[in-house]
Amino acid sequence: MGTDVDDAAAEFHAFFERHHAELARLALLLTGEPDAADDLAADALLALWHRWDRVRAADHPAAYARGVVANLARTRVRSAVRERRRVALFWSQRAERTENPDVAGVVDVQGALRRLPFRKRACVVLRHAFDLSERDTALALGVSVGTVKSQTSKGVAELQRLLGPRAAPRQVRAVIARSRGAAGGNR
């Protein structure tokens, strides 16, 4: 004699087996991302399990499940669009070339940048390597202009400390700016 929990689990398992492939296919068609399709279907099914009493009482549980997948896919697509806009904000479409880059300096600065906490590193790179304004940097990172100012200042000071006394602020900024062309080749 099974309990209500066992019955619900068995019913959900049968629902899962019957609809997982369909939900994954729906996610694939909505997002165009094969790698994300199974994850979205699994996330939807997990959400359904948490509300299984309500879902199984619905007139059309499969339709409800498709709605959950559609909402998750919409959220994922919107997030991707926002990310592309942020990237487009600071990614220059013009070709960048660096004549005679200071490769050793670039390697040193890149190593020092990796040692900075993410927010300081992002502020320094966006401000000095991508020449974004404080406002555009704040927009790209979702922080205030004051945060950009303080994190950039602290990040440059930390870079100077890491790179030694011979690294004047202008030199650090120049090497960061030159690293655009040296780091990724000519774009």
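K149 is partly exposed, with a relative accessible area of 46% (that label covers the range between buried, under 20% relative accessible area, and exposed, over 50%, using a 1.4 Å probe and protein chains only). Keep in mind that this is a predicted model, where local features need pLDDT of at least 70, side-chain atom pairs count only at pLDDT 80 or more, and totals for chains, interfaces and linings use all residues. Residues are numbered from 1 along each chain as its sequence is written, and side-chain values use heavy atoms, with hydrogens and water left out.

**The chain overall**

- You're looking at a chain with 9 helices and 0 strands (DSSP runs numbered from the N terminus, with at least four residues of H or I for a helix and at least two of E for a strand).
- Reading from the N terminus, the elements go α-α-α-α-α-α-α-α-α.
- The chain has 187 residues, and 30% of them are buried.
- Take the contacts with a separation of 6 or more: 69% of them are between residues 24 or more positions apart (contact means heavy atoms within 4.5 Å).

**Helix 1 against helix 2**

- On the helix 1 side, the contact includes A8, A9, F12, F15, F16 and H20, while helix 2 brings residues including P34, A37, D38, L40 and W49.
- Sorted by class, this contact has 16 nonpolar, 2 polar and 1 charged residues (nonpolar is Ala, Val, Leu, Ile, Met, Phe, Trp, Tyr, Cys and Pro; charged is Asp, Glu, Lys and Arg; the others, Gly among them, are polar).

- D38 sits in helix 2 and counts as partly exposed, at 45% relative accessibility.
- Set aside the neighbours within four places in sequence, and D38 is in contact with H20 and A24.
- D38 and A21 are 17 residues apart along the chain, with their C-alpha atoms separated by 8.4 Å.
- A9 belongs to helix 1 and is partly exposed too, with a relative accessible area of 34%.
- From A9 to W52 is 43 residues along the chain, and 9.0 Å between C-alpha atoms.

**Aromatic pairs**

- Searching the whole structure turns up 3 aromatic pairs (rings of Phe, Tyr and Trp, the last by its six-membered ring, pair if their centres lie within 6.5 Å; planes under 30 degrees apart are stacked, over 60 edge-to-face, and the rest tilted).
- F12 and W52 have ring centres 5.1 Å apart and planes at 80 degrees, so this pair is edge-to-face.
- The pair ties together distant parts of the chain, with F12 in helix 1 and W52 in helix 3 (residues 52–57), 40 residues apart.
- F12 and W52 are both buried.
- One aromatic cluster is formed by F12, F15, W49 and W52.

**Back to K149**

- K149 is part of helix 8, which spans residues 145–163.
- K149 and E134 lie 15 residues apart in sequence, yet 6.9 Å apart in space, C-alpha to C-alpha.
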